[in-house]
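Visitor: I have a model open and a few questions about it. Can we start with how you use the word "exposed"?

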Amino acid sequence: MLKKRKKNPYEASASGFFIYMSAHKARRIIDQIRGRSYEETLMILELMPYRACYPIFKLVYSAAANASHNMGLNEASLVISKAEVNEGATMKKMKPRARGRSYVIKRQTCHISIVLEDISYEEYEEDFLRRI
């Protein structure tokens, strides 16, 4: 889970809860994009052939929209600083089988959290601190 921490003014986040896919399949994609720039991430997600890419693409796009609209950050300088996938609740359905029996069908869900950080402000702060 994401821990409560001080809100960084140069970070924007987006979270998706109860997404219908297993956490293992989503982690396979998240591990590929963690630490990459926003534009590079969008290209990677568009070209990967996995079903898990579409909801993650929507979350990254939403986090960037939050950054540009709510905080006024430039999308070209955004980097995925934190990406996390947790297991959600398992949906259980009963499927009727022969002789009056039933089997349980388990549908996995996951929670995905993505945090984008603006790196241009870090460079500005480092230069400012060096001058002091």
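Guide: A residue is called exposed when its relative accessible area is over 50%, and buried when it is under 20%, with partly exposed in between. Keep in mind that this is a predicted model.

Visitor: Fine. Is Arg99 buried or exposed, then?

Guide: Arg99 has a relative accessible area of 80%, and the cut-off is over 50%, so Arg99 is exposed.

Visitor: Where is Arg99 found?

Guide: Arg99 sits in the loop between strand 3 (91-96) and strand 4 (102-107). Its phi is positive, about 60°, although Arg99 is not a glycine.

Visitor: And what about the phi of Phe18?

Guide: Phe18 also is not a glycine, and its phi is positive at about 55°. Phe18 belongs to strand 1.

Visitor: How accessible is Phe18?

Guide: The relative accessible area of Phe18 is 45%, which makes Phe18 partly exposed.

Visitor: Switching to helices. How do helix 1 and helix 3 pack?

Guide: Helix 1 (residues 23-33) packs against helix 3 (residues 53-70) at an angle of about 45°, and their axes are 10 Å apart. Helix 1 is therefore oblique to helix 3. The crossing of the two helices is right-handed.

Visitor: Which residues meet there?

Guide: From helix 1, Ala26, Ile29, Ile30 and Ile33; from helix 3, Cys53, Ile56 and Val60. By class, that contact has 7 nonpolar residues, no polar ones and no charged ones.

Visitor: How far apart are the C-alpha atoms of Ile30 and Cys53?

Guide: They are separated by 8.9 Å, with Ile30 and Cys53 being 23 residues apart along the chain.

Visitor: Last topic, the largest nonpolar core. Which residues touch the most other members?

Guide: That core has 30 residues, and those touching the most other members are Ile30, Ile56, Val60, Cys110, Ile112 and Ile114. The elements giving two or more residues to this core are strand 1 (11-19), helix 1, helix 2 (38-47), helix 3, strand 2 (78-87) and strand 5 (110-118).

Visitor: Which element gives the largest share?

Guide: Helix 3, with 7 residues.

Key. Residues numbered from 1 in each chain as written. Predicted model: local features only at pLDDT ≥ 70, side-chain atom pairs only at ≥ 80, totals over all residues. Heavy atoms only, no water. Axes fitted to C-alpha atoms, helices over the stretch in contact; angles between N-to-C directions. Helix = DSSP H or I, 4+ residues; strand = E, 2+ residues; numbered from the N terminus. Parallel < 35°, antiparallel > 145°, perpendicular 65-115°, else oblique. Left-handed = near helix turned anticlockwise from the far one by under 90°. Contact = heavy atoms within 4.5 Å. Nonpolar A, V, L, I, M, F, W, Y, C, P; charged D, E, K, R; others polar. Core = buried A, V, L, I, M, F, W, Y, C linked by side-chain atoms within 4.5 Å. Buried < 20%, exposed > 50% of the residue type's maximum accessible area, 1.4 Å probe, protein only.
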